[in-house]
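Me: Can you walk me through the ligand site in this one? I'd like the contacts, then the surroundings.

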Amino acid sequence: METTASASSKAILFGEHAVVYGYPSVAVPLPEIRANAKIKDIKRKKVIIDMPDFGKTGVFKELAWEHPIRFAVDLFLSGHKITLQNGLCLSLHSEIPIASGMGSGAAISTAVFKALFAHFNIPYTAKKLSELVFEVEKLHHGTPSGIDNTVIAYEQAVLFRKDEEIQRINFPKTIHLVIANSGFTTPTKTTVSDVAWLYENNSTSVTDTFAQIEQCVILGLEALLLGDLEKAGEMMTENHQLLRSLTVSNERLDQLVDAANSFGAYGAKLSGGGRGGIVIALTEAEHVPFLKHTLLNAGAEACYSTKIGSE
Ligand code: MEV
């Protein structure tokens with residue numbers, strides 16, 4: 001038997017970092033860029049992990065217990081009291097750049113859990129899936145807010161706030177985003193702990209920044225729901241400046257944001273953990289190819305585009 005599953009990547013439109021402290025944040029799935037998992041029964045009584053993208057193929061038990069794939073599979077099997085009768089080969093292939101703000105880790109775990117549920121014929125809900133992925137996220141990111149596992153497991157645009165029910169967002173008008181990968185990476189854990197350091201040492205001013213980010217989230221989302229792209233873009237750029245003041249931008253990301261805005265995008269910002277990874281820019285459909293070109297010229301390593309919401 002063979003089962004396959006996949007999971008989308010994601011982008012945060014507003015509110016990263018502040019979301020770790022209980023502020024709201026808006027995230028969207030990027031369905032075009034995905035992580036894929038395949039599970040096949042094999043004769044050898046072993047679990048084989050085949051991860052060519054990560055330069056690894058080998059026996060599952062030889063991976064460290066805290067390896068995210070091993071941890072996810074162990075969590076699934078023990079949680080469902082499954083003892084393997086046959087061997088399995090778990091193959092993973094991901095199109096999502098690693099440590100780039102696109103939720104690569106959460107997407108890979110989501111694809112693995114979906115494939116396991118399908119393989120063992122166990123029904124599940126998006127909530128259950130999200131909770132499982134969150135366990136893997138906690139192991140690797142320290143204090144994740146839960147936004148990545150939520151937007152990816154539900155594969156749904158969400159207004160997210162820690163410990164609250166998620167609010168699904170349906171955009172009335174199609175939104176066109178260009179996503180530029182800076183080619184630099186910094187683990188989310190690093191930028192999150194740097195913001196924590198700032199917060200501990202300067203809590204009044206950081207709290208004030210978080211409150212201003214919250215305003216960007218509220219006004220930006222409201223503008224998107226009203227189809228006011230100019231205002232939404234303005235809030236994205238302001239959100240970027242606030243992230244910059246939290247030290248999670250860098251020169252390349254600032255250059256990409258400036259290039260997008262000089263081109264005439266409605267607005268642009270870094271997305272995700274920052275200090276590398278992606279910049280997202282809001283634009284009109286007919287400008288997408290030119291904006292991509294502009295961002296590649298401004299130093300982006302790769303550019304993607306996506307459409308969010310209905311036509
Ligand atoms: C990472 O995609 C978003 C951050 O806000 C971290 C988190 O929410 O866990 C930087």
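**Ligand site**

Reply: The ligand is surrounded by 14 residues (near means a heavy atom within 4 Å), and the closest are K10, H17, P144, S145 and D148. This is a predicted model, where local features need pLDDT of at least 70, side-chain atom pairs count only at pLDDT 80 or more, and totals for chains, interfaces and linings use all residues. Residues are numbered from 1 along each chain as its sequence is written, and side-chain values use heavy atoms, with hydrogens and water left out.

Me: How far is the side chain of S145 from a ligand oxygen?

Reply: An N or O atom in the S145 side chain is 2.6 Å from an oxygen atom of the ligand.

Me: And what about K10 and D148?

Reply: For K10, a side-chain N or O atom is 2.9 Å from a ligand oxygen. D148 also has a polar side-chain atom 2.9 Å from an oxygen atom of the ligand.

Me: Switching topic, which residue does D148 form a salt bridge with?

Reply: K10, with the closest N and O atoms 3.3 Å apart. A salt bridge is a Lys or Arg side-chain nitrogen within 4 Å of a carboxyl oxygen of Asp or Glu.

Me: How many salt bridges does the structure hold?

Reply: Eleven.

Terms used:
A polar contact is a pair of N or O atoms within 3.5 Å; within protein, one must be able to donate a hydrogen and the other to accept it, and residues adjacent in sequence count only if both atoms are side-chain atoms.
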